[in-house]
Each structure stands twice: as C-alpha cells, then as structure tokens.
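Please read the following account of charged side chains alongside the structure.

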Amino acid sequence: MRDNKKEHWEQVYINKTPAQVSWTQVVPQTSLDFIHGFQLSKNASIIDVGGGDSNLVDFLLQEGFQNITVLDISSAAIEKAKARLGKKSDLVKWVVSDITEFETTEHFDLWHDRATFHFLTNENQIAAYLQIAGKAINNYMVVGTFSDNGPDKCSGLPVKQYTEIQLQRQLNKDFKKIRCINQDHITPFETKQNFLFCSFKKKVVN
C-alpha cells in the first residue's frame, strides 16, 4: 500500500501543473497568519510536512527564516519546488519520506501540516504520525485538515474529515489546543473546500 501511495503522488506531480491540483494556493495566507502569531525567531527550526510544491517555503525564506525543512512523499514535488526556488533552494533541507516513516533526531519549533494528516485514514497510520510528531516537536504545531463539511476524497484518495473536538482529541496526549478556525479554500477551478485549521502547543512534561 505504501509503494502505491508514493507512486500515486509521484504521478500527480509529474503529470499535473499547480493549476490542475485542488490544493494550490498562490499565497498560503492562513498558514502565514498562524505562523506570525507565534513570533518565532528567524533561526527557529520549521518543518513543512507534505510541503511538496507548496509556496509556503517561498514566503518563509522571503521573511528571513533560516532553518526550514520541507518533507514530502513525492520526490517529483520536491524537485518542482527546488526548480521554482532556484539557488534559494540551497537554503532549505529537503526530505523525501512518507511522514509515517520519517526518522529524525531534530527537534522543531514549528511543525506545519496543511492537508497531509487527513490522508491518514487508519489508526496505525495516525498513531505513527502522532508518535513521530510528539517526539520531534519542541513548541508549536499547525494542522490543516478537511472539516466535517469538507470533501471526503482528494486527488482520488479517501480522506478523514475532522471537527475541532475530534482533532483536539487525536492530539491531546502531547499537545494543548491554542485556537481553531474553519475556512473555505477556493481551488484553482473555483470550487470550495472547507478546512479546519488548528494551532497547538507542546505540553510540558513534568
């Protein structure tokens, strides 16, 4: 199943332009708003999980952040992002990995995930993600998933929809909710997808 999932995303990024996929954002404003609210230092360690060909990294670099990691299951997505950034891509650490198999000794001040978590549809996948995140995150987490009013599929794959309470319950072991918002994402083909965005703070272990 894992290999099929990777192959699916490789083909998506090889064969489709940003205008042909639903998740494209010219300006990832909601993510930026959450990030700005944390008032992170410019050398804060940031990871964009499932960042692929997202424009978020462009804006973070433009704002002077110096310690950015972008992770995606698709090497084709990451190559697209590198090509877009040109020489600036050397300032970013790029990781090709399924997030449920991500191995790292790094600790991140901010873990950002827009639209990866909702593709984890069974308990083993979710548990693996949460275990990795729980160990790797020092401070903050931002997660964007489809809400209970959002689609039940994306890119031909099933997704798991979340209410604020359901997402909080999943993350409650290691994280305390800061705030949540619901927002309509307008796709490049002008359809609406309702997202739930939530920010969390890592709990202090006594």
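Lys 173 is exposed in this predicted model, because its relative accessible area of 71% lies over the 50% cut-off. Its partner in a salt bridge is Asp 174, and the closest N and O atoms of the two are 3.7 Å apart. In total, the structure holds 8 salt bridges.

A further salt bridge joins Asp 98 to Lys 5, with 3.2 Å between the closest N and O atoms. Asp 98 belongs to the loop between strand S3 (92-96) and strand S4 (108-114), while Lys 5 belongs to helix H1, so the pair ties together parts that are 93 residues apart in sequence. Asp 98 counts as buried, at 9% relative accessibility, and Lys 5 also counts as buried, at 15%.

Arg 84 and Asp 53 form another salt bridge, their closest N and O atoms being 2.5 Å apart. This pair likewise links distant parts of the chain: Arg 84 is in helix H4 (residues 75-85) and Asp 53 in the loop between S1 and helix H3 (56-62), 31 residues apart. Arg 84 is partly exposed, with a relative accessible area of 32%, whereas Asp 53 counts as buried at 16%. Together with Asp 58, these two residues are linked in a network of salt bridges.

How confident is the prediction? The protein chain has a mean pLDDT of 90, and 92% of its residues reach 70 or more. Confidence is highest in strand S1 (residues 45-49), at 98, and lowest in helix H1 (residues 2-15), at a mean of 73. Where pLDDT is low, predicted coordinates should not be read in detail.

Key. Residues numbered from 1 in each chain as written. Predicted model: local features only at pLDDT ≥ 70, side-chain atom pairs only at ≥ 80, totals over all residues. Heavy atoms only, no water. pLDDT = per-residue confidence, 0-100. Helix = DSSP H or I, 4+ residues; strand = E, 2+ residues; numbered from the N terminus. Salt bridge = Lys/Arg side-chain N within 4 Å of Asp/Glu carboxyl O. Buried < 20%, exposed > 50% of the residue type's maximum accessible area, 1.4 Å probe, protein only.
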